[in-house]
Each structure stands twice: as C-alpha cells, then as structure tokens.
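Let's take a walk through this structure together. Have a look at the fold for a moment, and then read on.

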Amino acid sequence: MFKRKTKGEALFDLFNGFGMLVICFLMLYPIWFVLVNAFNDGQDAMRGGIYWWPRQFSLQNFEAVFQSSGIMTAMGITAAKTVIGVVVHVLFTAMVAYAFSRRGLIGGKLYILLGTITMFFGGGLIPTYLLIKDLHMLDSFLVYIVPVMFSFFDLIIFMTFFRDIPDGLEEAAKIDGANDWSIFLKVVLPVSMPVVATIALFHGVYQWNDYFTGVIYINNADKQPIQTYLYKVIAQSSSNQMMAQVPGGIAKTVTSQSIKMATMVVTTLPIVFVYPFLQRYFVKGMMIGSIKG
C-alpha cells in the first residue's frame, strides 16, 4: 500500500517541482533567446522586443556567417584539434594512469603527491608562453595538442576505474602470453569504455570551447579555431565595421549583433549534437568510485 502524503509533504513537493522548472527555465532561456535572434532580421532585431519567436524570420545572418572565408577554415581547425586532441589525451593519460594503478609501482605515492601539487599550482601565463616559444610551438598546430595531452585530474579518474577491474582478467591474459602493452590495449581499454567516454567528453568540450590558446599563441588567422573566430566577432564594437566585412546586399539587413548570435549558434550546435550519444557513458563514468561493493 502506498503511504498517503501529508499536506506539508505535498506542498514541499509542489515547491520543489516549481523550483526545478524555474532553474530549467533560467538555464535554457538564454540559449533560446540567442537562437530566436539569430533567425530574426538583423535590422528588425535592433528595435528590441524579441523574446520568444522571430518577428521577421531570416536566414541572412547565417548566410553572412558562412560567406566569410575564415569561418570554414576555423571550423576545420577546431574539428581537427578536437578529434586529434581527444585521441591523444585519452590514450596518453590512460597509459600513465594504468601504470599508476599498479600496486607495486616503485615511488607511486611520491608520483601521486607531485602530481597532486600540479593541480593547485602552476607556472603562470608568462613562463608558459616562454616555454611554448622555446619549444617552437608558436603558430603551430601542436600547441593545441601537446600542452594538454595529459591531465592529472583525468589520471585520478582513470586510475580509480582501473583499480576496480578484476585482477583475474589480467592474470588470464598473462597466462595466454600477453605482455603489459597487450593487456592495456586489448583487455583494460575495452572494458573501460564508460571512463574513456567520460574523459573524451570532458576533453572534447574543452578543445571545442577553447579560444584562449588561439588568442595567445596563434597569430596566423588560418590556424585559429572557431572559438577564437567567435571571440573576434564579439570583440567587434561597431556595426559599420562588421557590415563592411559582409559582401553584397546582405549588409543592408544584418548587424554586428545578429552576426554574433548566428556565429554562437553555429559554433555551439556541433558539441550539443554529440553529447546525447555519450550521455549514457558519461553518467556511468561519473559514478566511478561513488559505490564500493
């Protein structure tokens, strides 16, 4: 039999549900506002009053965005650095984490202590810039990959998962003649897809959203990612300057604000579409270490 709720419990559930609706609205409405204004005529949007639906539906903002020669190049750079960066980061971090997860690792506690310190203290921007310069990675695609190919925070997540893998799997592989590399690649990684997908999602979102690296270390516009391109678009303070970059008659109906909205939609949608496919792995990965059986 179901226990009937008291009036106080029912009132609490009502307020709790209302609070969740308010939170969802506050999180989703800014996205909807950007989307609505991106599909509205630019000149008309300057009048204001557009909150729920485009007043004058138009695709010219997106036409202006894609007519820019730089956005497709920037999109390609972002896609390449996201895919390559995720693969390199996951493999390298998982490889180091697998070694750290071995109980008999000599100096393992010291390595973990040193790695933990790096999570709280860094060298700062100027020393990092000088290091990148000395490594000849300025204006190089490698600056997107090498400095972030390892994360000690992600190592801890990997290591926690690897330690929960039954020892019998590795022992059986060793009996069959497998070495450490074979065990790692053919046994450990295949059974670690939840944590692999979690770390891949974390780093993929970082790579896709990172604009700061392109601003600081890349001077060549042809090597800058889409988020740096978006940063430059938003930095435009004059509508006349923005419309001067847009060819043809489109400049008569778009504004710098409408271009910003359309560019934000273009740069955000790809990562939004990818997330649902990794969500089930992401939820499993976030539960790592929370339950001990």
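**A loop residue and its surroundings**

Let's start at Q224, which sits in the loop between α11 and α12; helices here are DSSP runs of H or I with at least four residues, strands are runs of E with at least two, and both are numbered from the N terminus. Keep in mind that this is a predicted model, where local features need pLDDT of at least 70, side-chain atom pairs count only at pLDDT 80 or more, and totals for chains, interfaces and linings use all residues. Residues are numbered from 1 along each chain as its sequence is written, and side-chain values use heavy atoms, with hydrogens and water left out.

Is Q224 buried or exposed? Its relative accessibility is 7%, so Q224 counts as buried. (Buried means under 20% relative accessible area, exposed over 50% and partly exposed in between, with a 1.4 Å probe and protein chains only.) The side chain of Q224 reaches out to the backbone oxygen of I218, at 3.0 Å. If you skip the neighbours within four places in sequence, Q224 is in contact with A74, I77, Y144, G214, I218, N219 and K232, where contact means heavy atoms within 4.5 Å.

Now hop over to D210, in the loop between α10 and α11. D210 has 10% relative accessibility and therefore counts as buried. Its side chain makes a polar contact with the side chain of T213, at 2.6 Å. (That term means a pair of N or O atoms within 3.5 Å; within protein, one must be able to donate a hydrogen and the other to accept it, and residues adjacent in sequence count only if both atoms are side-chain atoms.) The D210 side chain also reaches the backbone nitrogen of F212, at 3.3 Å. Not counting residues up to four places away in sequence, D210 touches K81, P225 and Q227.

Q227 counts as buried because its relative accessibility is 10%. A polar atom of its side chain lies 3.3 Å from the backbone oxygen of W208. Beyond the four places on either side in sequence, the contacts of Q227 include T78, Y211 and T267.

Time to step back to the whole chain. The protein chain has 14 helices and zero strands. Of its 293 residues, 37% count as buried. Among contacts with a separation of 6 or more, 73% are between residues 24 or more positions apart.

What about the open spaces? The largest pocket has a volume of about 870 Å³. Of the 31 residues lining that pocket, T128, P147, V148, F150 and Y206 are the closest to its centre. Helix α10 gives the largest share of this lining, four residues. By class, the lining has 18 nonpolar, eleven polar and two charged residues.

The second largest pocket holds about 430 Å³ of space. It is lined by 17 residues, with M27, I31, T268, L269 and V272 nearest its centre. Here α14 supplies the largest share, seven residues. This lining has 13 nonpolar, four polar and no charged residues.

Terms used:
On a 1 Å grid over the protein atoms alone, a cavity is a set of points where a 1.4 Å probe fits but cannot get out, and a pocket is an open set with protein on both sides within 12 Å along at least five of seven lines; lining residues have an atom within 4 Å of a point. Grid points are joined across faces, edges and corners, and a volume is the space filled by probe spheres set on the points. Ala, Val, Leu, Ile, Met, Phe, Trp, Tyr, Cys and Pro count as nonpolar, Asp, Glu, Lys and Arg as charged, and the others, Gly among them, as polar.
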